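Subject: Structure handover and findings

Hello,

Here is the structure for you to take over. My notes on what turned up follow below it.

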Amino acid sequence: ALSVEDKLLKEVFSHIEEHLHDEQFGVEKLSKLAGMSRRHLNNKIKSLTSQTANELIRNFRLRKAAHLLSDKGLTVSEACYQAGFNNLSYFSKCFTEFYGTRPSAYCK
């Protein structure tokens, strides 16, 4: 059986996945869906993952974008928008920080 913490993370990832295409989806909406205050959700996620809720959402989106680039063969801009980013330069900056390589070089 899953622990309470594992259930919470599973629920959180499920909500992020469901709202992936919504670039307005953030900690505020996530906390409402999870049924807890923004601060409580942030504290929970921080204690379980060492990331803020915002970082967790962004990193989930970046992993999804990497998957879209490598497995689906999408262009960088397609992957960017499908992963819920609405700004290509911000996406590229985050992707490069996270993976240590530019999105355009990721699949080569």
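How many salt bridges does a search of the whole structure find? The search finds five. Please keep in mind that this is a predicted model.

**Salt bridges**

Start with glutamate 17. It pairs with lysine 64, and the closest N and O atoms are 3.2 Å apart. This pair links distant parts of the chain. Glutamate 17 sits in helix α1 and lysine 64 in helix α4, 47 residues apart. Glutamate 17 is partly exposed, at 37% relative accessibility.

Next is lysine 29, which forms a salt bridge with aspartate 22. Their closest N and O atoms are 3.3 Å apart. Lysine 29 is partly exposed at 38%. Aspartate 22 is also partly exposed, at 24%.

Lysine 93 and glutamate 97 meet through their side chains, at 3.3 Å from N to O. Both residues lie in helix α6, which covers residues 88–99. They are four residues apart, about one turn of the helix. An α-helix has 3.6 residues a turn, so residues three or four places apart point the same way. Lysine 93 has a relative accessible area of 46% and is partly exposed. Glutamate 97 reaches 58% and counts as exposed.

There is also a network of salt bridges. It links Glu28, Lys32 and Arg38.

**Helix α1**

The length checks out. At 1.5 Å a residue, the 15 residues of α1 should span 21 Å. The C-alpha atoms at its ends are 21 Å apart, so the two values agree.

Which residues of α1 are buried? They are Leu8, Leu9, Val12, His15 and Ile16. These residues cover an arc of only 125 degrees around the axis, so they are on the same side of α1. On the other side, Lys7, Lys10 and Glu18 are exposed. The cover over the buried residues of α1 includes α2, α3 and α4.

Beyond its neighbours within four places in sequence, leucine 8 is in contact with Met36, Lys44 and Leu48. Leucine 62 is another matter. Leucine 8 and leucine 62 are 54 residues apart in sequence and 21 Å apart in space, C-alpha to C-alpha.

**The nonpolar cores**

In soluble globular proteins, nonpolar side chains tend to be buried together. Here the largest nonpolar core has 15 residues. Val12, Ile16, Leu30, Leu41 and Ile45 have the most contacts inside it. The elements giving two or more residues to this core are α1 (4–18), α2, α3 (38–49) and α4 (53–70). Helix α4 gives the most, with four residues.

Leucine 30 shows how this region is joined up. Setting aside residues up to four places away in sequence, leucine 30 touches Val12, His15, Phe25, Leu41 and Ile57.

A second, separate core has 13 residues. Leu62, Ala66, Cys80 and Phe95 are among them.

**Serine 31**

Serine 31 is found in helix α2, residues 27–34. Is it buried or exposed? Serine 31 is buried, with a relative accessible area of 2%. Its contacts, not counting residues up to four places away in sequence, are Met36, Ser37, Arg38 and Leu41. Two of these names have come up already: Arg38 belongs to the salt-bridge network, and Leu41 is listed for the largest core.

**Cysteines**

A disulfide is a covalent bond between the sulfur atoms of two cysteines. With a cut-off of 2.5 Å between cysteine sulfur atoms, the count comes to zero disulfides. Cysteine 80 is in no disulfide. Cysteine 80 is buried, at 0% relative accessible area. Cysteine 94 is buried as well, at 4%.

That covers my notes. Over to you.

Best wishes

Methods
Residues are numbered from 1 along each chain as its sequence is written. This is a predicted model: local features need pLDDT of at least 70, side-chain atom pairs count only at pLDDT 80 or more; totals for chains, interfaces and linings use all residues. Side-chain values use heavy atoms; hydrogens and water are left out. Buried means under 20% relative accessible area, exposed over 50%, partly exposed in between (1.4 Å probe, protein chains only). Contact means heavy atoms within 4.5 Å. A nonpolar core is a set of buried Ala, Val, Leu, Ile, Met, Phe, Trp, Tyr and Cys residues joined through side-chain atoms within 4.5 Å. A salt bridge is a side-chain nitrogen of Lys or Arg within 4 Å of a carboxyl oxygen of Asp or Glu. The expected span of a helix is 1.5 Å times one less than its number of residues. The arc is that of the directions from the helix axis to the C-beta atoms.
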